[in-house]
Amino acid sequence: MACKFSFVSVMGVLLVLTIFHDPIIVDAGQGVPEVALFTFGDSYYDAGNKAFLGKNKNPPQNLWPYGKSRDDPNGKFSDGYIVPDFIAEFMSIPNRIPPALKPGANLSRGASFAVADASILGAPVESMTLNQQVNKFRSMISTWSEDYIEKSLFMIYIGTEDYLNFTKFNPTASASAQQAFVTSVTNKLKTDIGLLYSLGASKFAVPMLAPLGCLPIVRQEYKTGNDCYEPLNDLAKQHNEKIGPILNEYAKKPNGGFQFTVLDFYNAVIRRTTRSYNYRKSTPLTVIVAYIFSTFEKISGFYVANSSCCGVGTHNAYGCGMANVHSKLCEYQRSYFFFDGRHNTEKAQEEIAHLLYGANTNVIHPMTVRELIVFPAKENMRELWEPNTSIRRRRSSRDYLDLSAYY
């Protein structure tokens with residue numbers, strides 16, 4: 001039977017996609033208590049700490065073209081704001097959160113302890129392990145009251161450095177060796193989260209790792225062309241499988257008040273770095289809807305998702321901003337998913353921040369960051385993390401047209 005549809009119905013679909021393609025949070029701070037934001041991890045969350053540790057007081061991320069979109073190179077690995085900046089904005093934190101190592105910084109609404117090149121295991125050069133970051137927080141803990149810390153948000157993103165180095169130095173590692181390494185990394189991560197918890201932190205947002213094999217610098221170094229380097233993706237998947245259960249274990253403690261959420265960052269990145277539209281249902285309306293999806297990717301999405309905006313090499317993935325490297329710079333960074341070989345553009349960072357703060361539970365589970373912040377402190381969670389949460393996601397007006405895979 002021929003599929004009947006009208007111009008009006010097609011335009012209706014177009015309107016829905018216009019509204020929900022790039023979700024906008026309105027009055028994000030409304031009803032959110034004035035608490036602090038603390039971040040830990042590596043260069044993804046580094047607000048400028050690296051410059052206070054390294055011998056070079058003007059590293060590339062402190063210089064143009066970093067900060068290009070804001071005309072403000074300030075030590076962040078992007079052309080502008082990073083994920084914690086947007087989360088801080090949604091929380092109505094003025095001027096975002098400062099690097100904890102910056103002398104005289106205003107720490108009243110939190111701080112970034114994240115440092116570029118940080119790892120969970122090992123002793124990175126001119127950086128800090130996660131454990132060292134947590135101990136730095138401990139040394140400054142008198143800055144905030146116990147009640148304030150308990151109600152505040154703690155975000156952690158780390159592990160990239162561990163797996164990149166492991167793969168580099170163990171290119172032929174067996175499956176059992178890989179599993180053992182992942183176990184070592186995640187066990188130490190669990191211990192460090194436990195240390196933060198013992199210091200009074202109770203609200204944790206811990207994104208899964210991105211598909212590390214799809215980073216432009218990895219594609220370039222391993223010469224994979226447009227393909228991802230799957231051994232690194234496999235390590236990230238193994239790591240990610242352990243995050244939810246680790247956090248569940250803390251949350252199950254009677255009267256412990258441990259609260260958390262997990263962002264499926266892995267699949268959020270995959271959806272933004274691949275082009276896979278389903279044309280199997282070959283009705284005219286389905287084809288038109290698929291075409292509209294494709295059109296919106298070109299208008300509002302990312303033209304380039306495999307290479308970097310700034311750098312040199314097959315994927316422009318090396319040397320962005322380095323004085324001795326004649327790196328290329330794209331004309332329009334907002335059309336790129338990656339700004340340099342490992343880090344996202346401001347536009348991509350903003351999308352990820354929206355997913356963290358207000359997406360439905362097929363993306364972040366068991367609650368959004370906003371829900372986590374307003375959830376009463378000291379109370380046990382009513383729902384824990386479960387795998388395959390897409391089948392459990394809450395119904396909303398978006399479900400009348402299933403756009404879940406598009407986020």
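Tutor: The structure is a predicted model, in which local features need pLDDT of at least 70 and side-chain atom pairs count only at pLDDT 80 or more, whereas totals for chains, interfaces and linings use all residues. Residues are numbered from 1 along each chain as its sequence is written, and side-chain values use heavy atoms, with hydrogens and water left out.

There are three disulfides in the structure, a disulfide being a pair of cysteine sulfur atoms within 2.5 Å. One of them joins Cys214 and Cys228, whose sulfur atoms are 2.0 Å apart. This link is right-handed, with 105° about the S-S bond. It connects distant parts of the chain, 14 residues apart: Cys214 sits in the loop between β4 (203–205) and α7 (216–221), and Cys228 in the loop between α7 and α8 (230–251). These elements are DSSP runs numbered from the N terminus, helices being H or I of at least four residues and strands E of at least two. Cys214 and Cys228 are both buried, where buried means under 20% relative accessible area, exposed over 50%, and partly exposed in between (1.4 Å probe, protein chains only).

Another disulfide pairs Cys309 with Cys330, again with 2.0 Å between the sulfur atoms. Its S-S angle is -85°, and the link is left-handed. Because Cys309 is in the loop between β6 (304–308) and β7 (310–311) and Cys330 is in the loop between β8 (328–329) and β9 (336–338), this pair ties together parts that are 21 residues apart in sequence. Both of these cysteines, Cys309 and Cys330, are buried.

In the remaining pair, Cys310 is bonded to Cys320, with an S to S distance of 2.0 Å. The link of Cys310 and Cys320 has 100° about the S-S bond and is right-handed. Cys310 belongs to strand β7 and Cys320 to the loop between β7 and β8, so the pair ties together parts ten residues apart in sequence. Cys310 and Cys320 are likewise both buried.

The nonpolar cores complete this picture. A nonpolar core is a set of buried Ala, Val, Leu, Ile, Met, Phe, Trp, Tyr and Cys residues joined through side-chain atoms within 4.5 Å. The largest has 98 residues, and those with the most contacts inside it are Phe40, Ile87, Phe137, Leu153 and Phe204. Apart from it lies another core, of seven residues, among them Cys330 together with Tyr66, Tyr336 and Phe339.
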